[in-house]
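Please have a look at the model below, and then let us walk through it together.

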Amino acid sequence: MLIKLTGGTVYDPAHRVNGRVHDLYIQDGRIVDPPAGARVDQEYDLRGMVVMAGAIDMHTHIGGGKVNIARTLLPEDHRADPVAHTEHLRSGCGHAAPSTLTTGYRYAEMGFTAAFEPAVLPVNARQAHMEMGDIPILDKGGYVMLGSDDFLLRMMHDGADQKAINDYVAFTLNASQCIGVKVVNPGGISAFKFNQRALDLDEEHTYYGVTPRQVLKVLATAVNELAVPHPLHVHGCNLGVPGNVETTLKTISGIEGLPIHLTHIQFHSYGTEGDFNFSSGAARIAEAINANPNVTVDVGQILFGQTVTASGDAMHQHANAGHAHPHKWVCMDIECDAGCGVVPFRYRDKNFVNALQWAIGLEIFLLVEDPWRVFLTTDHPNGAPFTSYPHLIRLLMDRSFRNEQLSRLHPEAQRMTTLASIEREYSLYEIAVMTRAAAAELVGLSDRGHLGAGAAADITVYVPDDDREKMFSRPKYVFKDGRLVVRDGQVVDVVWGTTHVVKPEYDPGIEKRLASYFDRYQTMKLDNFIIQADEISEDGRGSVTIHPCWGGRGV
Amino acid sequence: MANRNEQGVWEHVPSPFCGIGSDDLKIRVSGSRIEVLENGDAVTREAFEQPLGETRPMISGKPVSLEEAVERAAAVLAEAELPLLAGLATDVAGMRAALSLADRLGAVVDNMNSRAAMRNILVLQDSGWMTTTLAEVKNRADLLLVVGTDVESLFPRFFQRHIWVDGMFVEAADREVVYLGKAPSGYASVSPDGRKPTVLACEDRDLPAVVSMLRLLVNDRPVGVDSVGGIEIQALKELAGRLKSANYGVIAWAAGALEWEHAELTVQITCEMIKDLNQRTRCSGLPLGGREGDQTATQVCGWQTGYPVRVRFSRGIPEYDPYLNATERLLEEGEVDALLWLSAYNSSRLPPRVGVPTVVLGRGGMNFDQPPEVYIPVGVPGIDHAGHTYRTDNVVAVRLFKLRDSGLPSSAQVLEAIERAVRAKLSS
């Protein structure tokens, strides 16, 4: 079947196409070159419409234990957003911690065709994949969490060489069926189990004597030497702590040029100036990002309203639990692997801190010059539910709207931000960069996020509208692997995406060491811990797609 | 993954029955006969080794083909105003299929162990908690406080696997066990070097007051009595002191053992006490459960609907109500007019006796006083087909393996077939 998309205005930054009118052809789920003389089976008239690749959310908490705790914790939030069963669609719930089915439908209805879960605990990876296996339409993948696991910390304590650590990291990527490696509060989740309540970049873990800086270094090196496309995904030290801008700057300089991705950087860009001892560090952070091409960031923008924060950072979630709204929260220590904390939260525009957090996120978006290195996230659901992306896009693209929103915030926060003076407005091309081309490249997907021949036909078509929120809320068409899945912002067909993984090679000797560690200290056998690909595909819907470790970002 | 040698002996077999996900079992399979050779216990051996039993589907006690049974089951469910899908003791795939069917039918779903599970879920949803998992217990717990539960009768290998071993950060010889409420029924909690647990025994009915008193003492609040529920305050004071001085205390309970009205309040006080303790030291809760797929049911229902259990789809949206959607209440009040009962692990968990047409998907060998309208024997996850189940700590999903070829369909396969038949009926 040959499908022709005719006359759309195409934004395809991977090929430097910036608003050029041209036709696209789809055959067998792929974008193809114009076939000479072939009969077109179906044609869509896209004249006057905007065409981009399907959007990719490179950091969103959509599956895994802490997400399901968040769901279970919040029946009152679900009740306000019930989703009805239809002939095509399953019922569910939306908003802060949506059900898996609803997650897929709502992402697709906004033109997203892939999403990546950034906090997959190795021991909980099976659950993460099963939850993501119940998310329709989207492609998905996970970043496996290391850095507070006792096996790594023991290795570091014992002075293991980098090669052995590389083997362990590669084994873990394979065993957990993930595409990247994440570190959360390096060493800190473990330190909390030893009753440490803070762990700064150069502070020693009370038991292992290892510092977060050292953990970052060995993991970033491992990811780089294994040539895993996605750089080490870093949730740094001191999340949410006023003054953490210094830690973040030291983290950037301390990594010595290795590729790293600093996630939800908004939460790590706080100074201590002003009457409330809370200020924006965004300008300094943006300056550092601009000066260090090895660094990418996503913002973790906050938006006002009720949400729930779900993080592997049990240490800081516990410290912040007093702010829970409604007042209930969960913290867990998990399997000598990591931990989690789930704290419901309501961001208020009349609250000084929340208002300034909002401004800090936007400052970072607007002050980082290169849209290839800053990514659109709310750290769903931590800063806001993913359904607020169209609103966030409008804030970036429409200065008068942004300043009008700013004028409603806590007055002291308005005085503490330079936002009103920033003139930059994102273009459609730049939005396509950050949500498509750059996101695909960052994750390591060569056939997604662009519209060149051979790419998967994940395509989103918008009707232009000066109200960018409206435009991005309701695509005219969304194609997933060449199938029309959304028309006029409504899901019309349900397909199932693939799970993207990498499989770096390693010396199998590490498995021997791990097997005896598992027998002695863990509660399952190593061979039962390893997730086989058939566990993802045996339901007849899922599949695993392996991407090469090409190390395109290597230094 | 579990693997089989030439003699039909499997190693590293995970148990879907024990709640703690033991996966070191050695099992011999000869034809349909199963024998646990190593690392079994009373719970696991019995569950693995019971004979295959009846494998033919029945309508009103008479053998029929699977197709006929599925067709009749679909008719019973499709004709009902409000069907109830209960029991729901199955694996992840089975639970997925049950929820899909319930969504299509507009049915209510509830789990066979949810009366116990609600004692925890209500606490989680009201105030939250701090909990831990089995490997943390194994490697860190220097003090285990058991509240109101005889652990070894429910989880025979709990102590052997997690307490009386040398962990990374604590040795068996340095661990201490205290029982509050029920005394242990055996010797599993006696350390290898012969130390008996401290037992502060009281009647179940006094345990709420005892736990409340312990929380007061943990918080150094003044108390004006000398004893509570027959336990000396001085002994509770010492326990409070131990909890405060422990490096990593663990407080365990099995909600299923807390058989009194509003036991969730006792769970809540326990969990709030754990939060109090964590202001200075570390301490975590360990809710014990996970048998008969109960955590599996709440997990899958949680991610597919947002709600853990007791969900009604009759208005087209999932609606959760911990009281109104309880199996016992729905049946007693006559609110449902058909019942599908699913028990894939345990042939002795029979459907409640009710006056409504009943479809049973059950492990072979169920003995009914009165045959249900439809009985479809299904395979046991982890014996007859592969699958996934959750163990007690809710974090670790255990991969289950197919050990024998019984020809029995999985609960998912039967439920999917029923849904296809229901769909055909509803659209015709």
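Before we start, two strands are said to pair if DSSP finds at least two bridges between them. Helices (H or I, at least four residues) and strands (E, at least two) are DSSP runs, numbered from the N terminus.

## About the model

This is a predicted model, in which local features need pLDDT of at least 70, side-chain atom pairs count only at pLDDT 80 or more, and totals for chains, interfaces and linings use all residues. Residues are numbered from 1 along each chain as its sequence is written, while chains are lettered from A and ligands numbered from 1 in the order in which they are written.

## A sheet in chain B

In chain B, four strands form an open sheet in the order S1-S2-S3-S4, with antiparallel pairing. Its edges are S1(B) (3–4) and S4(B) (33–38), each of which pairs on one side only. Two bridges link S1(B) to S2(B) (residues 9–13) in the antiparallel sense, and B:Arg4 has B:Trp10 of S2(B) as its bridge partner.

Helix H1 (residues 42–49) of chain B packs on this sheet and touches S3(B) (25–30) and S4(B). The direction of H1(B) makes about 155° with that of S4(B); such angles run from 0 to 180 degrees between N-to-C directions, and axes are lines fitted to C-alpha atoms, for helices over the stretch in contact.

## Chain A as a whole

Chain A holds 20 helices and 28 strands. Its C-alpha atoms fill a box of roughly 70 × 55 × 45 Å along the principal axes. Of its 555 residues, 62% are buried, meaning that 20 or more other C-beta atoms, placed from the backbone, lie within 10 Å of a residue's own.

## Two helices in chain A

Helices H6 (residues 162–176) and H8 (residues 212–225) of chain A pack at an angle of about 70°, with axes 9 Å apart. That makes H6(A) roughly perpendicular to H8(A), a label that covers 65 to 115 degrees. Among the residues in contact are A:Ile165 and A:Val169 of H6(A) and A:Leu219 and A:Ala222 of H8(A); contact requires C-beta atoms, placed from the backbone, to lie within 7 Å.

## Where the chains meet

The contact between the chains takes 52 residues from chain B and 48 residues from chain A. On the side of chain B, H5(B) gives the most, with six residues.

Strand S20 (residues 329–334) of chain A runs parallel to S9(B), joined by four bridges. Here A:Met332 has B:Thr131 as its bridge partner.

Note on methods. Angles under 35 degrees count as roughly parallel, over 145 as roughly antiparallel, 65 to 115 as roughly perpendicular and the rest as oblique. Two residues are in contact if their C-beta atoms, placed from the backbone, lie within 7 Å. A residue is buried if 20 or more other C-beta atoms lie within 10 Å of its own, exposed if 12 or fewer, and partly exposed in between; C-beta atoms are placed from the backbone.
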